[in-house]
Amino acid sequence: RHGDGNAFDLCLLVALAALTNTELPTLLDVSAPDAPRPLRTVPAGTAGAAFAGCRVALLSLPMPASFTLLARDFWVLDPSAVEEAQGGASVSLCLINDRWVICHRVAGDTCADQFLSYLMPAARARVPELARLFDGSDGDTNPIGSAPGPMQKAAAG
């Protein structure tokens, strides 16, 4: 259900998809001595290459999760455009290297205890689902590559 949801989530996921599928080319130095160094793309494994091509490796996968508050006490995870328009408060969280960043918040009756008790654990539970889009894993491993943090432990327990 990712057809018409939050624009922040969409942009971040598209950028991550592009970066995880980027392969840098192998480059060969074709300059003359004492001249500028023009480089030419050559097939991988070419002898004498100035740079061996490689796939871009990300050190972390920032994972977004957006919520909209409907009817003063009902939070919707990954709201549609219609739900966001009808909602009172809206928030976009992003998990980066096992730390939460609040990326976007619209005024409303949002209390700090709701973030800690419901929103962050719900967003954390969604991380494996999103990570599978990038690595094809079965969700049993930590997709971010770090030890489980306090929110993962709280969500699991």
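Okay, so let's start with burial: of the 157 residues in the protein chain, 34% are buried, where buried means under 20% relative accessible area, exposed over 50% and partly exposed in between, with a 1.4 Å probe and protein chains only.

Quick housekeeping. This is a predicted model, where local features need pLDDT of at least 70 and side-chain atom pairs count only at pLDDT 80 or more, while totals for chains, interfaces and linings use all residues. Residues are numbered from 1 along each chain as its sequence is written, and side-chain values use heavy atoms, with hydrogens and water left out.

How confident is the predictor? pLDDT is its confidence in each residue, from 0 to 100, and for the protein chain the mean is 76, with 76% of residues at 70 or more. Please be careful with residues 137-157: pLDDT stays under 50 there, and the model has 33 contacts beyond four places in sequence for that stretch. Contact, by the way, means heavy atoms within 4.5 Å.

On to the layout. The protein chain has four helices and eight strands; these are DSSP runs, H or I of at least four residues for helices and E of at least two for strands, numbered from the N terminus. Reading from that end, you get α-β-β-β-β-β-β-α-β-β-α-α. Among the contacts with a separation of 6 or more, 56% are between residues 24 or more positions apart.

Now the hairpin. β5 and β6 form one, with three residues between them, and Ala71 in the turn has a positive phi of about 55 degrees. The two strands run antiparallel and are joined by four bridges, β6 being residues 74-77; strands pair if DSSP finds at least two bridges between them.

Next, the core. A nonpolar core here is a set of buried Ala, Val, Leu, Ile, Met, Phe, Trp, Tyr and Cys residues joined through side-chain atoms within 4.5 Å. The largest one has 22 residues, and Phe67, Trp75 and Leu93 touch the most other members. Which elements give two or more residues to this core? They are α1 (7-20), β5 (63-70), β7 (90-96) and α3 (112-135). The largest share, seven residues, comes from α3. That goes with the general picture: in soluble globular proteins, nonpolar side chains tend to be buried together.

Rings of Phe, Tyr and Trp (its six-membered ring) pair if their centres lie within 6.5 Å, with planes under 30 degrees apart called stacked, over 60 edge-to-face and the rest tilted. By that rule there are two pairs. Phe67 with Trp75 is edge-to-face, 6.4 Å centre to centre with 90 degrees between the planes, and both residues are buried. Phe67 with Tyr118 is edge-to-face too, at 6.5 Å and 65 degrees. This second pair links distant parts of the chain, Phe67 in strand β5 and Tyr118 in helix α3, 51 residues apart. Phe67 counts as buried because its relative accessibility is 0%, whereas Tyr118, at 38%, is partly exposed. Together, Phe67, Trp75 and Tyr118 make one aromatic cluster.

Last stop, Thr20, in helix α1. Is Thr20 buried or exposed? Its relative accessible area is 18%, so Thr20 is buried. A polar atom of its side chain lies 3.1 Å from the backbone oxygen of Ala17. Leaving aside neighbours within four places in sequence, Thr20 is in contact with Arg55, Leu58, Leu61 and Phe134.

How values were computed. Polar contact = N/O pair within 3.5 Å; in protein donor to acceptor, adjacent residues only side chain to side chain. pLDDT = per-residue confidence, 0-100.
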